[in-house]
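Here is a short briefing to read with the model open beside you. Take it one topic at a time, and look up each residue as you go.

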Amino acid sequence: MAILKIARMGHPVLRHKADPVADPTAPEVRQLVADMVDTMEDAGGTGLAAPQVHISARVVVYKVSATRLEEGEEEVPLTALVNPVLTPVDREKIHGWEGCLSVPGLTGLVPRHRAVRLQAITPEGEMIDRTVTGFHARVLQHEIDHLDGKLYPQRMDDLSLLLFQEEMRFGIPERARDLMESESIEVDDAQDVETV
Ligand SMILES: [Zn+2]
């Protein structure tokens, strides 16, 4: 078990496009995945990309717990993806709160594609090609942005909705509430934000 150091916003590794992995089933990839899972769980996150642990490789780990599911969606067990590629299924974007282990303490309301096609390979050599929606699609867009050197504030369309998570105790901003209601997203005053 190894817990790796997490890079924070401003570190150059988070700005660079990560390198493709030549051999997704190599033992080094499995070791990296195991260390990333330990690091993610230790930090209380639900997703982690290799650049967040100072490694420029196109590898992500994540899970989607039952508490985050919207109607008709399935729980996602702990999953590792190598060289993942996302393609938006349509133009529709919806807003949702995101937090990031590399941007500690903050949360922001981020527009993301509602549905994306995911193509990737696992460290076991399994090919994945499927469409994902909802929070699953959001987590993937967040993680794959890490592989392309982008952090979620760069995806925001209104930086007044970038807050310290602790200050959510005063309620979410009116503007966020209006936006979410206009997109038929359930507004929960006790927004608990997962970090990815
Ligand atoms: Zn992140």
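Let's start with the sheet: five strands form an open sheet in the order β1-β2-β3-β6-β7, with antiparallel pairing. Its edge strands are β1 (47–49) and β7 (127–133), each of which pairs on one side only. On average, neighbouring strands of this sheet are turned by 40° against each other, direction ignored. Please keep in mind that this is a predicted model, in which local features need pLDDT of at least 70 and side-chain atom pairs count only at pLDDT 80 or more, while totals for chains, interfaces and linings use all residues. Residues are numbered from 1 along each chain as its sequence is written.

**Terms for the sheet**

- Helices (H or I, at least four residues) and strands (E, at least two) are DSSP runs, numbered from the N terminus.
- Two strands pair if DSSP finds at least two bridges between them.
- Strands of a sheet pair through backbone hydrogen bonds, either parallel or antiparallel.

**The whole protein**

- The protein has three helices and eight strands.
- Starting at the N terminus, its elements follow the order α-β-β-β-β-β-β-β-α-β-α.
- The radius of gyration (taken over C-alpha atoms) is 16 Å, which agrees with the value near 16 Å for a compact globule of 196 residues. The globule rule is 2.2 Å times the number of residues to the power 0.38.
- Along the principal axes, the C-alpha atoms fill a box of roughly 50 × 30 × 25 Å.
- Of the 196 residues, 34% are buried. A residue is buried if 20 or more other C-beta atoms lie within 10 Å of its own, exposed if 12 or fewer, and partly exposed in between, with C-beta atoms placed from the backbone.
- Among contacts with a separation of 6 or more, 68% are between residues 24 or more positions apart. Two residues are in contact if their C-beta atoms, placed from the backbone, lie within 7 Å.

**Strand β3 and its partners**

- Strand β2 (residues 59–64) and strand β3 (residues 76–88) run antiparallel and are joined by five bridges. Here Tyr62 stands opposite Thr79 in β3.
- β3 also pairs with strand β6 (residues 115–121), again antiparallel and over five bridges.
- Leu86 stands opposite Leu118 in β6, and Pro88 has Val116 of β6 as its bridge partner.

**Helices on the sheet**

- α1 lies across β1, β2 and β3, and runs at about 45° to β2.
- Helix α2 (residues 134–147) packs on the sheet and touches β1, β2, β3, β6 and β7, its direction making about 160° with that of β2.
- For these angles, axes are lines fitted to C-alpha atoms, for helices over the stretch in contact, and angles run from 0 to 180 degrees between N-to-C directions.

**Residues to look up**

- Ala34 lies in helix α1 (residues 27–43) and counts as partly exposed because it has 15 C-beta neighbours inside 10 Å. Its C-alpha atom is separated by 19 Å from that of Ala22, twelve residues apart along the chain.
- Most residues other than glycine have a negative phi.
- His54, in the loop between β1 and β2, has a positive phi near 65°. With 14 C-beta neighbours inside 10 Å, His54 is partly exposed.
- Asn83, in strand β3, is not a glycine either, yet has a positive phi of about 50°. Asn83 has 17 C-beta neighbours inside 10 Å, so it counts as partly exposed.
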